[in-house]
Amino acid sequence: MDLAQERLRRWRMVLGGDSADGTGCALSGRDAAMDGALSALYGKGDKAQSGRDRSAGLGASAPSVARWLGDIRTYFPSSVVQVMQRDAIDRLGLSTLLLEPEMLEAVEADVHLVGTLLSLNRAMPETTKETARAVVRKVVEDIEKRLATRTRATLTGALDRSARINRPRHHDIDWNRTIAANLKHYLPEYRTIVPERLIGYGRASRSVKKEVVLCIDQSGSMAASVVYASVFGAVLASMRSISTRLVVFDTSVVDLTDQLDDPVDVLFGTQLGGGTDINRALAYCQSQITRPAETVVVLISDLYEGGIRNEMLKRVAAMKASGVQFVALLALSDEGAPAYDRDHAAALAALGAPAFACTPDLFPEVMAAAIEKRPIPVPDAV
């Protein structure tokens, strides 16, 4: 196929083959099958369809949807399959079909699918729940495999450095800080520094060094953040030197700390959707703090407050004044900049608690900085 023909073929796939596409290019074989799968989902334009106006090919039939799911897994890479699944759920109202075990077994599991399943949790029949838990567990295990080892290593190093001592053993010397502190003792004739003062850090013992409170907004827009936060909560809880508490909230507050040994239990203990009362959630978290100077509170929320705004800000100010390290994350996901309440974000920044979106890969560094009480690595773009 020459370059011109290939260009026409690609434009035909993009434009969808309506009479006005202008390519005059016919498809066959695998191209025709791919085009059919795309048309079933996107064949009626950009607006979501419902009822009799749905685009051709899927309808509301579980067998036809299952065939379509099989087709897109055959013709497209996993990342594209996940996007198409999300679009099918959003555009065609297929959420209720996910309540059927056969459908769950056919879909490509990802964080967004987990969020959808959690939002359907209360409507899910018993026959579906075990399948749903298996799907959620697969996603959770994939996330843990990607992030857990690095998180533990990063935070273990932060805990060691946060326990600096002035008479360290040789292998505990912090050479960078020791050299910087003794530059005035440089002997040019010997081209060396005489370290009159050693700076080091003590190794984290098995005793609890830091306390972390994860306070997670479980409103519908925070689904991916809830998934990642639950996994990180389980990872932190597995570290003996960190005491971890996990609290989720909407207009009510639920403490899920006793379920942290299994993030799947945590996720099924959440209730996505509903209103938001950040002030009430922070009041509960504040009541659980016993060692403010050794505590990190991480609020994960888009900051759309349904409670008392001024009281929320007063609580943040009070916690910071007592020595608590306060971190505000607008999202904990790979989805890019989220929608959030800019006025509340600005008010938190004025209190010395900048609010920003954080990817799962950056989260260990954010936590390490909070543990060491150094500046938080805020991304350039929010």
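With a relative accessibility of 46%, D334 counts as partly exposed (buried means under 20% relative accessible area, exposed over 50%, partly exposed in between, with a 1.4 Å probe and protein chains only). The model is predicted, so local features need pLDDT of at least 70 and side-chain atom pairs count only at pLDDT 80 or more, while totals for chains, interfaces and linings use all residues. Residues are numbered from 1 along each chain as its sequence is written, and side-chain values use heavy atoms, leaving out hydrogens and water.

The side chain of D334 meets that of R146 in a salt bridge of 4.0 Å, N to O (a side-chain nitrogen of Lys or Arg within 4 Å of a carboxyl oxygen of Asp or Glu). This pair links distant parts of the chain, 188 residues apart: D334 sits in the loop between β9 (325-332) and α13 (342-350), R146 in helix α7 (helices, H or I, of at least four residues and strands, E, of at least two are DSSP runs numbered from the N terminus). R146 is likewise partly exposed, at 40%.

Helix α7 (residues 126-162) also holds R133, whose partner D265 lies 132 residues apart in helix α10 (residues 263-268); their salt bridge spans 2.6 Å, N to O. In the whole structure, 19 salt bridges are found.

Turning to the sheet, six strands form an open, mixed arrangement in the order β7-β6-β5-β8-β9-β10 (strands pair if DSSP finds at least two bridges between them). Its edge strands are β7 (253-255) and β10 (355-358). Strands β5 and β6 run parallel, joined by eight bridges. Strand β5 also contributes E211, which is buried at 15% and forms a salt bridge with R291 at 3.4 Å, N to O.
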